[in-house]
Amino acid sequence: MSTSSSRNPLELVDRYLQAVRFWLPKTGRQEDLLAELGEDLRSQIEDKESELGHALGQDDISEILKRCGAPMLVASRLGPRRHLIGPTLFPVYEFVLKMVLLWILVPVFIFIVGPATLASTNGDWGKTVLVTIGNLWSGAFVAAGIITLVFAILERTHAIADMACTWDPSSLPPLQKPERKTSFVHTMCELAFNVFGLVWLLLVPNHPFLILGPAAAFLKLGTIWHTFYVPVVLLTVAVIVRLAVTLARSQWTAFPLWSQLLQTAASLILVHYMIQAAGYTVHGDWHPFVTIADGLSRSEQYVRFTKIAAIVNVALLISLVCTWVGLCIGGAVQLWELLKHIRKNRSVSQQPASVQLR
Amino acid sequence: MSYGSQARTEVFENLKLELRRGCLTLAVLTQLRTERYGYTLRKALSDDGLEIDEGTLYPLLRRLESQGLLVSQWREEDKRNKRFYRLSPVGEHILEQLLGEWQRINTSLSKILQEA
């Protein structure tokens, strides 16, 4: 403090200009701008001195410089307006970024990288999730960096702006159909189907013929069936309640979306545990879904029954895996629909009343 | 300050800035019918109630000069180099047109405000 106060107070102006120079773009105008700013500051000091009748001290000059603004701020105002991606290109950039990150990168990691990692970690789910999230994170950074770089180059070369000048109105996409409320007939059919399904589920324990058909003569339901029977019944009841509420409260436009998403999530968890449970063997035998009925171990056709049971078990396991993948895709689509609905509602609520009335 | 009043202040400041932008250009061009350098121009505007900071004025002067409305030259005055600006012949012509437009807008606005 003492060293700077002993210097010429005007030196502070030069130090200030030096700091502004650091932040100004190195163009031919840099020196010109600095000279003009310096001249303005010196004129201010001169004016103040003649008003006070004595030379200004360091504190007075500091006050003038403070009023002028921080060097970085002043340089940003004096310099040309610059941006990495300008307002013309930014909506396209945002769209591409969303498409690549949400609709390409995330599904690739969930459906390809995740399962591949799971295989390489010998089924360790915790490690798989951590490794996949880590890879997704770094992948997202790299993808975002590359997209930003490409758009920064396009901004510099004005490539998109030039393309935009040659647009053709006939190339505009067709009008989108207005969003329809959930169809009454569709929901009714879904409700009827689920009620029928619930009745069927409740009858199956006492009438295995309903699920196994003629094979009920030599096959019986396996351990998984008993373990997951109650959760499956409860889930079906929940679906029926959801559909009934959707029918009764058709004005709740968001309800079908988030309740369906919850239903998908619950089904996904259930199917996941069923697949996991199907991996276990009991006393060296693998009969998770169906097993050979009691009292047939000495039957002449025992070997044939064993083969049929194995085929049914493998077929059911493949069906469950396919269901799991389908639920993942369905869940992603439902999540997207829900986010779209929320965003649309938010934008409508933020619009002035005059626009909403249109 | 609550979020609502902060948002209202922000909206007001943005609208004020928009309103000032065009007026500042007109004021600067009018003041530069007489030759001035940056600081005296700022002072003249401030004396008439239109404060303008360095970061706004100098880029504006550069832009107007690049559009051919102003001419400038560095000259020594009081043992210091100063950049003097004045209207170019093109600038004088444009200023006349702008003042005509300003009068027209002003008349319309007065009429609208009286009716309201």
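Reader: Where in chain B is K79(B) placed?

Author: Happy to start there. K79(B) sits in the loop between β2 and β3 of chain B. Please keep in mind that this is a predicted model.

Reader: Is K79(B) buried or exposed, and how do you know?

Author: K79(B) has 5 other C-beta atoms within 10 Å. A residue is called exposed if that count is 12 or fewer, so K79(B) is exposed.

Reader: What can you say about phi at K79(B)?

Author: K79(B) has a positive phi of about 65 degrees, although K79(B) is not a glycine. That deserves a remark because most residues other than glycine have a negative phi. D78(B) also lies in the loop between β2 and β3 of chain B. Its phi is positive, about 50 degrees, and D78(B) is not a glycine.

Reader: And what makes D78(B) buried or exposed?

Author: Within 10 Å of D78(B) there are 7 other C-beta atoms. With the limit for exposed at 12 or fewer, D78(B) therefore counts as exposed.

Reader: How do you know that β2(B) and β3(B) pair, and which way do they run?

Author: Two strands pair if there are at least two bridges between them. Here 8 bridges join β2(B) to β3(B), so they pair, and they run antiparallel. As an example, Q73(B) has F84(B) in β3(B) as its bridge partner.

Reader: Which strands of that sheet are called edge strands, and why?

Author: The open sheet has 3 strands in the order β1-β3-β2 of chain B, paired antiparallel. The edge strands are β1 (36-37) and β2 (70-77) of chain B, as each pairs on one side only.

Reader: What confidence does chain B carry?

Author: The average pLDDT of chain B is 91, and 97% of the residues score at least 70. For the model, ipTM is 0.79 and pTM is 0.53.

Reader: Which residues touch the most other members of the largest nonpolar core?

Author: That core has 29 residues, and the ones touching the most other members are V20(A), L37(A), L78(A), L32(B), Y58(B), L61(B) and L70(B). Elements giving two or more residues to this core include α3 (29-52) of chain A and α1 (3-31) of chain B. Y58(B) touches L33(A), E36(A), L37(A), L78(A) and G38(B), leaving aside residues up to four places away in sequence. There is also a second, separate core of 10 residues, which includes F218(A), L219(A), V271(A) and A278(A).

Reader: Why is P208(A) called partly exposed?

Author: P208(A) has 19 other C-beta atoms within 10 Å. Buried needs 20 or more, and exposed needs 12 or fewer, so P208(A) falls in between and is partly exposed. P208(A) lies in the loop between α9 (184-203) and α10 (209-212) of chain A. Leaving out residues up to four places away in sequence, P208(A) touches A216(A), K220(A) and L221(A). The C-alpha atoms of P208(A) and K220(A), 12 residues apart along the chain, are separated by 7.4 Å.

Reader: And why does L84(A) count as partly exposed?

Author: L84(A) has 13 C-beta neighbours inside 10 Å. L84(A) touches A152(A) and E155(A), not counting residues up to four places away in sequence. From L84(A) to L149(A), 65 residues apart in sequence, the distance in space is 8.9 Å, C-alpha to C-alpha.

Notes. Residues are numbered from 1 along each chain as its sequence is written. Chains are lettered from A and ligands numbered from 1 in the order in which they are written. This is a predicted model: local features need pLDDT of at least 70, side-chain atom pairs count only at pLDDT 80 or more; totals for chains, interfaces and linings use all residues. A nonpolar core is a set of buried Ala, Val, Leu, Ile, Met, Phe, Trp, Tyr and Cys residues joined through C-beta atoms within 7 Å. Helices (H or I, at least four residues) and strands (E, at least two) are DSSP runs, numbered from the N terminus. Two residues are in contact if their C-beta atoms, placed from the backbone, lie within 7 Å. pLDDT is the predictor's confidence in each residue, from 0 to 100.
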